[in-house]
Amino acid sequence: MTGAPLLEVEDLRIDLDDGSRRVAAAESVSFRIDRGETFGLVGESGCGKSITALALIGLLRPPLSIGAGVIRFDGREIQHLSAAAQRNLRGNRIAMIFQEPMTALNPVSPVGRQIAEMFVLHKGKSWREANQLAVEALGNVRVPAPERRVHDYPHQLSGGMRQRVMIAIALACGPDLLIADEPTTALDVTVQAEIIELMRNLCAERGTAILMISHDLGLVANVCRRVAVMYAGRIVEERGSADIFRAPSHPYTQGLVDSLPRLGSRAALGRNRLKEIAGVVPAISNFPDGCRFNPRCARATDICRTLVPTADFLEAGGLVRCHHHA
Amino acid sequence: MLEPQNGPGEARGDDDLILSVEDLAVHFPLGGGLFGRGRRLLRAVDGVHLKLKRGECLGLVGESGSGKSTVALSILGLVTPTRGRIVLDGQVVTSRPSGDRKALARTVQMVFQDPYASLNPRQTVRRTLEDPLRVHGVTARSEIEDRVATMLRHVGLRPEQADRYPHEFSGGQRQRIGIARALILNPRIVICDEPVSALDVSIRAQIINLLLELKDTLGLSYIMISHDLGVVEHMSDRVAVMYLGRIVENGDWREIFERPAHPYTQALIAAIPDPLHHAPLATTGGDLPNPLNPPNGCAFSPRCRYAEDVCRREPGPVLETRPDGHAVRCWRADEISGRVALALGEEAHR
Amino acid sequence: MKLRANLIIGGALFALAIVVGLLAPWLAHTDPVMDANLLNAEEPPGWTWWFGTDDQGRDIYSRVLYGARVSLTVGIVSQLINSVIGVALGLSAGYWGGWWDDVVNALTNVMLAIPSLIFALAIMAVLGPGLTSLLIALGLTNWSYTCRIARASALSLRSQGYVQAATVLGYGDLRIMITQLLPNMLGPIVVIATLGMGSAVLSEAALSFLGLGVRPPFPSWGSMLSDARDQITTAPWLSVFPGLAIFLTVLGLNLLGDGLRDILDPQSRSRRA
């Protein structure tokens, strides 16, 4: 019944085969997303957030592969589905939008046709009907004069308009889950605000769940109900989004929240030296033992250097992986 | 040749001023058929005035296509202005022969956005830092080595790391090398073009702190180009907001962020997501208009929620400077900022 | 790890050709020109004459060894000239753009439209046969591909941040081209040069075959083939061994070029986010 979550990821491990050896680019990744929920996955480049999304949608390609774990979508395990079954799932029930819509759209096909294709492919409509639906879909993402815009090619549209087209394609078949991988990173702030609002409103109307992936903790905390923070291939903290900013528990999350200049903080508190997170982000081939944040952590002790911390459930809800969490 | 500024320039009397951009315009002719028929003019920058004081950081914000990068390139001498002049340290640098790039290079330098693309992968750090000195006539081996080592320490790297290649460094370290390269000639002004936006989030604070430290210890002046308003607010003393090739608002950082007067500045600030609340983001409606075919009247009027008939009429509003030095280009600025102050007050009250 | 067989085999064949050419005086059994002895004319390959002898009784083995000197000199020197011309024109055209780019483009298109061997023939006709003429003729006619590659690389590299940084630092154009652009485009240029050497060796053979190469009696692989034309049925070894030498050298150079492309081409080097 409806009590089951829409998506459940359990102990997912993603292997990277660099020719000579196999390293885990992401491991022990577990989270769940309910129907219609908004969930954020936040982290820096190389933390494993994007490959996790690709694994969910069955788009991991060598040298990356799923090493272990279970991905359950609507109660069904999907990590070992055949290519055809995965294709059917993609677009129909799980859709994805990317950072750079220009590379995700086909440059030699009018955008209307690319939207219509979804109806033909997944809903068995005739091209005639599909073209009609495409105009409607383009109108739904607030593209002005959609009946003319359907004939435009991607390069004739601005970045914001292209991302609207991507959203129209992604939502064409009424998916249950929309994965948005850095959907607004390439856009200006005012355009970002519009795209985010559009995505948020359309998904809320249709009951589509959102998995949003971004490096921008502030944006994700604003958009999503719950947020998981990834560092060096592992989820280090998962919380309600307001909590994660007000009272971050993992030293890495605290560092992130403290280190970024926030609008208004200088006016309120004066210009203080920003709190830095020391050191560098480790490379996949060079993940430290124990807690992977330990070389950069002020609270690190011997246990952090040897033992991988397990997930502790917090009283206020959420979980954290740290031997010395707040 | 750099020549001392003649004539009644404003820059002359003001010793504090290190850079003044006066009525700068950069127009690019685009397309067009034979004999220039149908040729259109892109007004990338159209009548920009800017002033930068010694030791000050001027934030330059605006969406892509607003012309902020073209202003930077003009100051660096990489784009020839169509109109206007640039006075650097009391010397007019516009309309000089291109051979003077070297003299200009010792005054203005730049920190680039992408620390991966901005370092030559085939040169060691030492070579990257030594070559500029040699080009600028420093020949003594010991002096070169000294200056390179000092500069590396300034940016938080060890002199022993000088013989490595860029790929052996992380993104943050590469940006430190980029900063060292910009500072090795002891410039007075550094243009920082999105210096942290390509870096990992956990590294950004290190670079922001470093830039501010260096500004004080070396007595630098910055022009800080960024779309991240949090970073701009943190670093800037003054802020200029550009829209479609023009400055729409210019003032003290506190004025800009606490009492933004132009609807566009307000829209920029309102578009920043609030991490503590699920509140919807304020949207502005529509994209940046086509710069080849700018709207009549105020360029922001098609997207502005306060726009009235007067705003859509030609000609557009002028940049009006208030007594406190806060300049706004908006017909209804006084009305609007009053209303916003009221709204902010109400919110604070709640 | 990808097997680098072509690189190893190609490099070995090319190295062998160079060693043979350099050590020819010590490896050869007889002098390739002076030791003619009609008593030994047209001996088939055997224990005494490994590769047989020609109609004047000269040792084919020794002549093939010495022939390597001519073929490799032509291959290397003419390709060096081509590379310098192509890089200078292409790099400057891509970096400066404007009318100079148009001129270089037009010139490249003209060169590509004329079959290079015909062009070389015309130059040889003016200069007369001989090694120097051969080097000039082949060195002036095969730079268009190098030029194209250099121009395309310069176009894409000039917008790189480090090139902009060098401009901002006040570097002169020449310095930017040599220190910033050139080292970063060397990979594909080396590949093209290697493949070009192979084709120069073939061109030398063709021109010598037509009697325009190195003057007899001094041996080159091409002229040996040319001389052997009439005896191809009666004494096939006269053509087989120089032909085999050309084949192996060109094969080696092509394999080497492919192998270098695999290492130097940035697209084949994987890069992950």
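Predicted model: local features only at pLDDT ≥ 70, side-chain atom pairs only at ≥ 80, totals over all residues.
Which residues of helix H4 (residues 125-135) of chain B are buried? The buried residues in H4(B) are B:Val125, B:Thr128, B:Leu129, B:Glu130, B:Asp131, B:Pro132 and B:Leu133. They pack against helix H5 (141-154) and helix H6 (171-183) of chain B. H9 of chain C is also a packing partner. Just after H4(B) comes B:Gly137, with a positive phi of about 85°.

Now look at where chain B meets chain A. Here 37 residues of chain B are in contact with 40 residues of chain A. On the chain B side, the elements that give two or more residues are helix H7 (201-218), helix H8 (229-235), helix H9 (253-258) and helix H10 (263-270). H7(B) gives the most, with 7 residues. By class, this side of chain B has 17 nonpolar, 12 polar and 8 charged residues.

Next, the interior. In soluble globular proteins, nonpolar side chains tend to be buried together. The largest nonpolar core here has 262 residues. Those with the most contacts inside it are A:Ile115, A:Ala168, A:Ile179, A:Leu211 and B:Met224. Helix H9 (residues 173-209) of chain C supplies the largest share of this core, 15 residues. Take A:Ile179 as an example. Leaving aside its neighbours within four places in sequence, A:Ile179 is in contact with A:Ala53, A:Leu56, A:Ile57, A:Ile94, A:Met96 and A:Leu211.

Turn to the strands of chain A. An open sheet of 4 strands runs in the order S2-S1-S4-S5, with antiparallel pairing. Its edge strands are S2 (22-33) and S5 (76-77), and each pairs on one side only. Strand S4 (residues 64-73) is joined to S5(A) by 2 bridges. In that pairing, A:Phe73 has A:Arg76 of S5(A) as its bridge partner. Helix H1 (residues 49-56) of chain A lies across S1 (7-17), S2 and S4, at about 115° to S1(A).

Strand S9 (residues 226-231) of chain A is mostly covered: 6 of its 6 residues are buried. In a regular strand the side chains alternate between the two faces of the sheet. On one side of S9(A), A:Arg226, A:Ala228 and A:Met230 are buried. On the other, A:Val227, A:Val229 and A:Tyr231 are buried too. S9(A) pairs in the parallel sense with strand S3 (residues 38-42) over 4 bridges, and A:Phe39 stands opposite A:Arg226. With strand S10 (residues 234-240), S9(A) pairs in the antiparallel sense over 6 bridges. There A:Tyr231 stands opposite A:Arg234. S9(A) and S10(A) form a hairpin with 2 residues between them. In the turn, A:Ala232 has a positive phi of about 50°.

How values were computed:
Residues numbered from 1 in each chain as written. Chains lettered and ligands numbered in written order. Contact = placed C-beta atoms within 7 Å. Nonpolar A, V, L, I, M, F, W, Y, C, P; charged D, E, K, R; others polar. Core = buried A, V, L, I, M, F, W, Y, C linked by C-beta atoms within 7 Å. Buried ≥ 20, exposed ≤ 12 C-beta atoms within 10 Å, placed from the backbone. Pairing = 2+ DSSP bridges. Axes fitted to C-alpha atoms, helices over the stretch in contact; angles between N-to-C directions.
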